[in-house]
Amino acid sequence: MTRLGSRRLIGPALLVAVIVLLFFPLLLGRSFWLRDILLYTYPLKAYLRERLAAGELALWNPRLGLGRPFAGMVQPGVFYPLDVVMLLPFPRGLDAFFALHAFIAAFGMRAWLRARTNHELAATFGGALFALSGYFVSMLIGNGSYAVGAAWIPWALAAVARTDAAPRPEVARLGVAVALMILGGDPQAAWLAGGLVLVEAATSPARRRALGVAAGGLALAVALAAVQIGPALEVAAIGRAGGVALTDALHFSFPPVRLLEFIQPGGFGADRIHRLYDEGTGLDYEAWSAGIYLGLATPFLALAAVRRNRALAVVAVVALLIAFGRHAPFFVPFFRFVPGARLFRYPEKYLLVTTLALCALA
């Protein structure tokens with residue numbers, strides 16, 4: 001192996017080492033999943049694994065009530081190709097399935113930043129920041145399906161950022177990445193990715209070519225994910241045909257005072273968070289994301305990079321303001337009039353976009 005080849009392996013090796021360290025408890029036979037993943041996602045995945053092991057396609061779940069559609073629920077990810085990882089010995093196969101997406105997120109971020117900067121150290125640093133960010137780790141261990149979708153967003157952006165590459169492979173890469181978000185159980189990640197992809201293409205030096213890749217890739221994604229979109233639309237028509245109620249969405253607004261947690265993990269305190277999320281309703285909700293920590297230096301490094309990429313900075317700020325929900329003046333019109341916005345319940349989930357942009361800027 002040449003010296004140049006050895007240097008190129010340093011970044012990937014560092015990323016693997018950092019993420020293995022994060023998941024080291026799994027190697028000792030332990031798990032650290034919490035909240036929704038224990039009560040909702042993990043049981044669904046366990047049933048899906050059971051059906052896969054029996055050689056069956058899990059279209060229906062007879063164990064919920066008197067029976068419910070399973071493929072149309074979206075979150076189980078019945079048609080997701082990486083479900084095969086769950087066939088490893090139970091329950092470690094399920095743990096490995098979710099842990100794998102931290103590697104996907106890290107290397108996707110690295111690919112996107114390499115396409116933007118061609119700087120190995122910066123790309124590796126950005127990949128580690130995103131995969132270890134408080135928001136992504138909180139989704140990974142607290143929900144699961146939302147981390148699966150988030151992990152593929154940087155890969156979609158990387159496809160559009162490679163404006164010097166041949167268009168056809170990049171259209172295919174973009175289409176596959178966005179389709180995997182839907183098939184993996186997170187349509188909102190695909191919806192967010194569509195917006196981010198259009199911003200990336202519109203701000204590209206080769207704008208016309210990048211917009212062509214974006215349009216072709218997103219159309220391909222819809223075609224590839226049609227097997228999941230069809231059942232999901234049928235189930236949605238019976239359940240929430242008009243989308244989420246505005247009052248329900250507003251209840252999960254992100255309190256601005258929690259911004260302190262970007263640089264101090266748990267800095268605002270769980271007891272205060274509970275009181276904020278009550279909002280006078282008497283219902284005691286936990287914060288949607290258990291953590292949003294980015295590291296002490298990350299927000300300041302991102303601020304220093306604003307002049308180099310104003311588009312990313314604007315994206316970070318707009319997503320943060322949307323996450324504020326009831327605490328920002330324009331969330332209500334955004335929710336009512338932006339196509340697709342009313343389909344999703346948690347304003348705080350827009351912190352995914354803010355986290356992604358801040359890690360890239362840093």
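The structure is a predicted model, in which local features need pLDDT of at least 70 and side-chain atom pairs count only at pLDDT 80 or more, while totals for chains, interfaces and linings use all residues. Residues are numbered from 1 along each chain as its sequence is written, and side-chain values use heavy atoms, with hydrogens and water left out.

In soluble globular proteins, nonpolar side chains tend to be buried together. A nonpolar core is defined here as a set of buried Ala, Val, Leu, Ile, Met, Phe, Trp, Tyr and Cys residues joined through side-chain atoms within 4.5 Å; buried means under 20% relative accessible area, exposed over 50%, and partly exposed in between (1.4 Å probe, protein chains only). The largest such core has 110 residues, and Trp-112, Phe-136, Ile-153 and Met-181 have the most contacts inside it. Helix α7 (residues 145-161) supplies the largest share of this core, 13 residues. Helices (H or I, at least four residues) and strands (E, at least two) are DSSP runs numbered from the N terminus. Beyond its neighbours within four places in sequence, Ile-153 is in contact (heavy atoms within 4.5 Å) with Met-181, Ala-189, Ala-193, Leu-196, Leu-352 and Leu-356.

The pockets come next. On a 1 Å grid over the protein atoms alone, a pocket is an open set of points where a 1.4 Å probe fits, with protein on both sides within 12 Å along at least five of seven lines; lining residues have an atom within 4 Å of a point. Grid points are joined across faces, edges and corners, and a volume is the space filled by probe spheres set on the points. The largest pocket has a volume of about 1,400 Å³. It is lined by 40 residues, of which Met-73, Val-74, Pro-187, Leu-343 and Phe-344 are the closest to its centre. Helix α11 gives the largest share of this lining, seven residues. Val-74 counts as buried because its relative accessibility is 10%.

The second largest pocket has a volume of about 630 Å³. Its lining has 25 residues, and the closest to its centre are Leu-113, Arg-116, Thr-117, Asn-309 and Ala-360. Two or more residues of this lining come from each of α4 (92-117), α5 (120-131), α7 and α17 (351-361). In the loop between α4 and α5 is Asn-118, which has a phi near 55°. Asn-118 counts as exposed because its relative accessibility is 60%.

Aromatic rings form a further theme. Rings of Phe, Tyr and Trp (its six-membered ring) pair if their centres lie within 6.5 Å; planes under 30 degrees apart count as stacked, over 60 as edge-to-face and the rest as tilted. The whole structure has eleven aromatic pairs. Phe-252 and Tyr-346 form an edge-to-face pair, 4.8 Å centre to centre with 75° between the planes. These two residues are 94 residues apart and link distant parts of the chain. Phe-252 counts as buried because its relative accessibility is 5%. Ring pairs also link Trp-191, Phe-331, Phe-334, Phe-335, Phe-344 and Tyr-350 into a cluster.
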